[in-house]
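Biologist: Hi! Could you walk me through this one while I have it open?
Modeller: Happy to, here it comes.

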Amino acid sequence: MWPVRVCISLLVFAAGTLPVFAQHEYTQSEIEAGRQQYASNCSRCHGPDGDNVANADIGHGKFSRASSDEELVRLIRNGITGTAMAALPNMTEPNAQTIVAYLRSMASTAAAVAALPTGDARRGKTLFEGKGACTSCHRVGDAGSRAGPDLSQIGTLRRSVELHRSLVEPDAEITPANRFFRVVTKDGATVTGRLLNQDSFTLQVLDAKDEKLKSFNKSALRESAFVANSPMPSYKDKFNTQELSDVLSYLSSLKGQ
Amino acid sequence: MMRRALLLILIGAGLLEAQVSFDRIIRSGQEPQNWLTHSGNYNSQRYSTLSQITPENAKNLELQWLFQARSLEKFEATPLVVDGIMYTVQASNDIVALDAATGRMFWTYSYTPAPEARPCCGRVNRGLAILGDTLFMATIDARLIAVDAKNGRPLWNTAVAKPEAGYAMTVAPLVIKDKVIIGTAGGEFGIRGFIAAYDAKTGKEAWRFYTIPGPGEPGHETWPANNDAWQHGGASVWVTGSYDPDLNLTYWGIGNPGPDYNGDDRTGDNLYACSVVALDADTGKLKWYYQFSPHDEFDYDSTQVPVLADIQWQGSTRKVMMWANRNGFFYVLDRATGEFLLGKPFVEVNWASGFDAKGRPIRVPGMLPNAQGVLILPGNQGGTNWYNPSFSPKTGLFYIPTWANYSSLYTKRPQEYEEGKNFGGGTPRPTIPTGTRTAINNYAKEDEGYGAIRAIDPHTGEMKWQFKMTDFTDAGVLTTASNVLFSGGREGYFYALDARDGKLLWKFPVGGRVISGPMTFSLGGRQYVGISAGNSLFAFALKQ
């Protein structure tokens with residue numbers, strides 16, 4: 001399960017960039033560590049897809065100043081003089097190596113959305129609020145329900161491939177904070193929603209129905225548990241390919257204030 | 001003349017009683033109104049004969065006072081109480097003297113540690129020791145400081161080790177006779193650990209025991225002959241030891257070898273890392289040792305409190321030591337000889353399958369960190385850790401703050417030694433999904449790990465009962481002669497259980513993590529229970 005080796009062979013290169021081949025095979029564990037390092041150190045400028053900075057589409061293996069893993073490690077640690085890419089004095093070499101592992105993995109897994117037609121964020125917004133009825137569970141800015149994950153900044157947090165997977169396979173990966181929760185009180189009332197907190201004696205829930213914050217004594221409950229599946233439907237057949245691409249473009253454009 | 005002599009003797013006796021003599025500490029069981037050492041007494045049972053609070057009336061406990069520390073560091077100290085005065089440490093290194101009845105402050109001694117201090121896990125302190133009218137504090141920049149208990153005036157200040165090389169001290173010192181004994185932390189920074197004794201009057205070093213033997217000393221052969229791994233192999237000490245006055249032996253738990261997760265350059269058992277050592281209290285000479293985790297690569301510090309008791313063992317009374325280890329096993333050893341008597345897992349364990357006749361763990365093949373990552377139970381924080389267990393002679397049960405269903409994915413990488421720099425050689429990753437546990441939110445499921453108090457029969461290692469918590473716990477345990485057990489946890493409750501069956505008797509939301517051990521004392525005929533939690537120190541007693 002864990003020691004899956006990722007074969008880095010699907011790097012996509014564009015003209016004018018150096019052809020970079022990974023010198024190493026990376027483990028899933030290194031890639032996961034790199035994902036966290038990338039989120040903390042790189043994502044703010046480069047974005048979750050690694051394509052926010054002009055001429056440096058690092059999420060697709062397009063590096064203009066590096067041709068080897070070792071050079072990438074050096075570049076991550078030392079920065080690039082004269083650019084916004086600052087040196088990271090606290091970045092250790094092993095941690096920088098995990099970022100390289102993650103970058104290689106990003107390039108190899110980006111194919112799922114690369115095949116989609118170009119999306120239109122404006123059309124996506126209309127679909128999101130209309131045909132998709134996404135706001136019945138999700139909130140963007142000050143509109144929509146608070147029952148599901150707030151998507152106001154989702155474009156800064158998730159890669160397009162991850163968003164695509166959530167749209168077509170909502171059960172594939174549910175982050176712990178987004179697991180839906182169900183409570184049945186001893187007098188038969190049922191509440192479903194988001195579990196915000198719990199301890200040995202109490203539970204704190206956001207009721208999906210009325211969006212009220214509710215606290216329960218566990219001793220007053222008949223049952224309480226996470227709901228196995230995501231309450232979100234799959235949009236695989238609800239949206240066509242173009243519509244999926246439009247919604248993805250809209251979600252990727254959501255970057256908060 | 002006769003009358004005058006008698007008067008002088010009486011005055012002398014009065015003075016002696018006001019001071020905390022070594023004799024008083026040995027006989028601390030006779031004055032349960034006080035809490036004279038970090039663990040309450042030398043046997044470290046965290047058991048008190050005070051019995052005003054009972055399973056029947058515990059529901060009437062109420063807060064008497066609370067002291068808010070001027071510190072946002074973790075509050076790990078167990079206070080001392082001496083004749084109505086409470087002494088504790090506000091992290092990092094401020095000693096405060098409080099009226100134990102009201103929480104009002106008499107004085108504060110503030111020490112500013114050197115900026116070079118670089119402890120791995122917070123600028124914390126676990127408490128003080130007292131002898132005569134002098135308090136002793138080990139500091140985060142590896143100094144030992146003596147302070148006048150009446151007014152907070154510093155008396156001496158001795159450099160124990162170099163903070164810039166990664167040495168730190170978080171331990172509450174242990175006073176034995178005229179010496180103050182400490183150990184050095186820094187296992188994540190490639191130190192060479194030691195336990196040392198200092199003259200209580202002068203602060204001069206009396207003896208030193210290196211927890212990694214040097215060339216020519218027994219045990220040195222458990223480190224490679226062709227490199228200097230032993231010189232920075234860790235084996236730190238950061239939890240207070242125990243003492244048996246009859247055997248004149250002091251017992252200390254030793255931390256992990258370094259690099260923590262990569263043993264390639266330190267082949268061998270790496271003594272005395274992950275061991276308990278029994279030292280002559282006068283000379284620091286090793287009498288015996290037992291190594292819980294030979295050649296550890298999981299950061300299984302054996303920095304737990306050695307719990308001493310004389311119990312019935314196979315038909316006769318035996319002087320034993322009980323030990324719930326971070327590696328997931330519960331042990332009973334003969335504390336006179338170090339003989340292995342029992343080893344039994346108290347949580348899920350997958351790195352060892354049992355023990356050979358001498359008590360050496362039998363390793364499960366392949367259960368070692370590698371580049372890909374190997375899932376090990378218990379995980380990096382262990383089945384338990386440094387927070388104290390308790391043994392109740394009344395119930396005969398041993399109580400363990402436990403991390404259940406808990407694992408880590410261990411990976412290793414090459415590691416060069418550089419003075420004062422982290423010396424890990426790998427990473428243990430939590431296997432529960434990122435974001436599951438944060439300071440304020442907890443959305444974990446039970447199969448992703450939970451905290452518990454587990455009660456173990458030391459004769460068999462079998463669990464008698466457990467009290468489950470939703471979150472993990474770093475809280476110690478206190479038991480009393482009236483069968484009340486006190487503890488807490490990360491989720492911010494302090495509670496009382498029935499020590500016989502684990503039934504919840506009372507709880508109080510302290511509003512912050514309990515990362516310390518409870519203690520008890522009495523004043524004016526009332527029994528109090530003290531606990532540090534969040535950034536405050538709470539005192540509870542029965543409603544009047």
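Modeller: First, a term: helices (H or I, at least four residues) and strands (E, at least two) are DSSP runs, numbered from the N terminus. This is a predicted model, where local features need pLDDT of at least 70, side-chain atom pairs count only at pLDDT 80 or more, and totals for chains, interfaces and linings use all residues. Residues are numbered from 1 along each chain as its sequence is written, while chains are lettered from A and ligands numbered from 1 in the order in which they are written.

Biologist: Thanks! Where is B:Ala235 found?
Modeller: B:Ala235 sits in chain B, in the loop between strand S14 (205–210) and strand S15 (242–244).

Biologist: Buried or exposed?
Modeller: B:Ala235 is buried, as 31 other C-beta atoms lie within 10 Å. Buried takes 20 or more other C-beta atoms within 10 Å of a residue's own, exposed 12 or fewer, and partly exposed is in between, with C-beta atoms placed from the backbone.

Biologist: What does B:Ala235 touch?
Modeller: Leaving out residues up to four places away in sequence, its contacts include B:Gly187, B:Thr211, B:Ile254 and B:Tyr272. Contact means that the two C-beta atoms, placed from the backbone, lie within 7 Å.

Biologist: Switching to chain A, which residues of helix H6 are buried?
Modeller: In H6 (residues 121–129) of chain A, A:Gly124, A:Leu127 and A:Phe128 are buried. Down the axis of H6(A), the buried residues fall within an arc of 100°, so they line one face of the helix. That arc is taken from the directions from the helix axis to the C-beta atoms.

Biologist: And what do they pack against?
Modeller: The buried residues of H6(A) pack against helix H9 (241–252) of chain A.

Biologist: How many residues of H4(A) are buried?
Modeller: 13 of the 17 residues of H4(A) are buried, so this helix is largely enclosed by the rest of the structure.

Biologist: Now strands. How do S6 and S7 of chain A run?
Modeller: Antiparallel: strand S6 (residues 190–198) and strand S7 (residues 202–207) of chain A are joined by five bridges. Two strands pair if DSSP finds at least two bridges between them. S6(A) and S7(A) make a hairpin with three residues between them, and A:Leu195 has A:Val205 in S7(A) as its bridge partner.

Biologist: What about S7(A) and S8(A)?
Modeller: They form a hairpin too, with five residues between them, and A:Glu211 in the turn has a positive phi of about 60°. A:Leu206 has A:Leu213 in S8(A) as its bridge partner.
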